[in-house]
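Trainee: I have a model open and would like to talk through its architecture. May we go through it together?
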Amino acid sequence: MIPSRLALYAFFAGRKLACRQVRAGCAGCMECYLDYEHISAAQADITDLYKRLGGTTGAKGICALEKEELRSYVSKIRQDIARAFGATAVQQLAITATGEKPDTRYGIGLDREKIKLIQR
Ligand SMILES: [Zn+2]
């Protein structure tokens with residue numbers, strides 16, 4: 001996965017890890033899903049992840065995500081996961097959307113106990 005997509009995926013994985021819903025593991029939990037405004041407000045975190053992954057470009061794209069770009073990244077990440085792990089893994093691993101436009105929220109449905117973030 002290229003650094004920009006990996007950065008966004010790591011961002012969502014981190015949000016899932018940070019979810020503190022009472023439900024153990026929070027599999028299928030959508031409380032930790034974020035809408036575009038919240039994702040945009042956390043842009044600095046995404047940019048930071050991107051830079052740590054070796055990303056260098058300036059303000060465009062992943063470093064200043066617009067709504068349409070976010071949607072596009074989410075679908076490209078989904079394709080990357082399908083290519084790497086197969087179509088069935090997509091169900092578990094991909095970033096999914098919930099809610100009706102324009103109140104779409106994004107997140108990862110995977111149980112947080114199955115997520116481990118390794119940072120260099
Ligand atoms: Zn959650």
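Trainee: Which are the buried residues of helix 3?
Mentor: The buried residues of helix 3, residues 43–52, are Ile46, Leu49 and Tyr50. A residue is called buried if 20 or more other C-beta atoms lie within 10 Å of its own, exposed if 12 or fewer, and partly exposed in between, with C-beta atoms placed from the backbone. Helices here are DSSP runs of H or I of at least four residues, strands are runs of E of at least two, and both are numbered from the N terminus.
Mentor: Two remarks on the source. Residues are numbered from 1 along each chain as its sequence is written. This is a predicted model, in which local features need pLDDT of at least 70, side-chain atom pairs count only at pLDDT 80 or more, and totals for chains, interfaces and linings use all residues.
Trainee: Why do the buried residues of helix 3 line one face?
Mentor: Seen down the axis of helix 3, they fall within an arc of 100°, so they line one face of the helix. The arc is that of the directions from the helix axis to the C-beta atoms. An α-helix has 3.6 residues a turn, so residues three or four places apart point the same way.
Trainee: What do they pack against?
Mentor: The buried residues of helix 3 pack against helix 1; contact requires C-beta atoms, placed from the backbone, within 7 Å. Helix 3 is followed by Gly54, which has a positive phi near 100°.
Trainee: Turning to helix 1, at what angle does it pack with helix 4?
Mentor: Helix 1 (residues 3–18) and helix 4 (residues 67–85) pack at about 100°, and their axes are 10 Å apart. That makes helix 1 roughly perpendicular to helix 4, a term for angles of 65 to 115 degrees; under 35 is roughly parallel, over 145 roughly antiparallel, and the rest oblique. Axes are lines fitted to C-alpha atoms, for helices over the stretch in contact, and angles run from 0 to 180 degrees between N-to-C directions.
Trainee: Which residues meet there?
Mentor: Arg5, Leu8 and Tyr9 of helix 1 meet Tyr73, Lys76, Ile77 and Asp80 of helix 4. The residues of this contact comprise four nonpolar, no polar and three charged.
Trainee: And Lys16, buried or exposed?
Mentor: Lys16, found in helix 1, is buried, with 21 other C-beta atoms within 10 Å. Leaving aside residues up to four places away in sequence, Lys16 touches Cys32, Gly107, Ile108, Leu110, Arg112 and Ile115.
Trainee: What is the strand order in the sheet?
Mentor: Three strands form an open sheet in the order 1-3-2, with antiparallel pairing. Strand 1 and strand 2 are the edge strands, each pairing on one side only. Two strands pair if DSSP finds at least two bridges between them.
Trainee: How many bridges join strand 2 to strand 3?
Mentor: Four bridges join strand 2 to strand 3, while two bridges join strand 1 (residues 34–35) to strand 3 (residues 105–108). In strand 3, Tyr106 stands opposite Leu34 and also opposite Ala97, whereas Gly107 stands opposite Thr96. The hairpin of strand 2 and strand 3 has six residues between the strands, and Gly99 there takes a positive phi near 85°.
Trainee: Where does helix 1 lie relative to the strands?
Mentor: Helix 1 lies across strand 1, strand 2 and strand 3, running at about 80° to strand 3.
Trainee: Lastly, where is Lys114 found?
Mentor: Lys114 is in the segment after strand 3. Lys114 counts as exposed, with 11 C-beta neighbours inside 10 Å.

Notes
Contact = placed C-beta atoms within 7 Å. Nonpolar A, V, L, I, M, F, W, Y, C, P; charged D, E, K, R; others polar.
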